[in-house]
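Please work through the following exercises with the model in view. Each task is followed by a solution in steps.

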Amino acid sequence: AEYMGDGDEACDGDDGDGSASDDGSDASAGYQASSKVGRELERLANMVPTVVGSGLFLGLSMANHSCCPNAAVEFEANSCAVSLVTLRSAPADTELRITYVDEELDFFERTSIFAEYGFVCDCKRCAARA
């Protein structure tokens, strides 16, 4: 997993304006959303090692999302093992949260991807923009 930084600096910064379309056309906004989803799917596919088979990781599938995660998923090379690793120190009672999307996406790109899945993010980074 890649992580840039060592704290909340990615969570406290500006997400950019990320406006979808200047012409107001629905077709343009739909195309951009599809393109963003495609890029996100490609990014996720590149994170997973090439293996023949599949796995269901019940415990890991319960990890909640944050746009400023404190944990990441790591796939072990040449194995079907997966680990949840912390990105920075956290008190013992802190919930570990992973990101479901690329952290570098701006607020509008992230919410566009989430909308495709009927998901509304309530992390502190998105709550600051709402």
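**Exercise 1: Cysteines**

The sulfur of Cys126 is 3.6 Å from the closest cysteine sulfur, which lies in Cys67, and this is too far for a bond. The model is a predicted one, in which local features need pLDDT of at least 70, side-chain atom pairs count only at pLDDT 80 or more, and totals for chains, interfaces and linings use all residues. Residues are numbered from 1 along each chain as its sequence is written, and side-chain values use heavy atoms, with hydrogens and water left out.

Task: determine how many disulfides the count comes to.

Solution. Step 1: a disulfide is a pair of cysteine sulfur atoms within 2.5 Å. Step 2: by this rule the count is zero. Step 3: Cys121 is in no disulfide, the nearest cysteine sulfur being that of Cys123, 3.4 Å away.

Task: decide whether Cys121 and Cys126 are buried or exposed.

Solution. Step 1: buried means under 20% relative accessible area, exposed over 50%, and partly exposed in between (1.4 Å probe, protein chains only). Step 2: Cys121, at 12%, is buried. Step 3: Cys126, at 3%, is also buried.

**Exercise 2: Helix α3**

Task: identify the buried residues of helix α3 and describe its start.

Solution. Step 1: helices (H or I, at least four residues) are DSSP runs, numbered from the N terminus. Step 2: in α3, residues 107-116, the buried residues are Phe107, Glu109, Arg110, Ser112, Ile113 and Phe114. Step 3: at the start of α3, a side-chain oxygen of Asp106 comes within 3.0 Å of the backbone nitrogen of Phe108. Step 4: just after α3, Gly118 has a positive phi of about 70°.

Terms used. Helix = DSSP H or I, 4+ residues; strand = E, 2+ residues; numbered from the N terminus. Polar contact = N/O pair within 3.5 Å; in protein donor to acceptor, adjacent residues only side chain to side chain.
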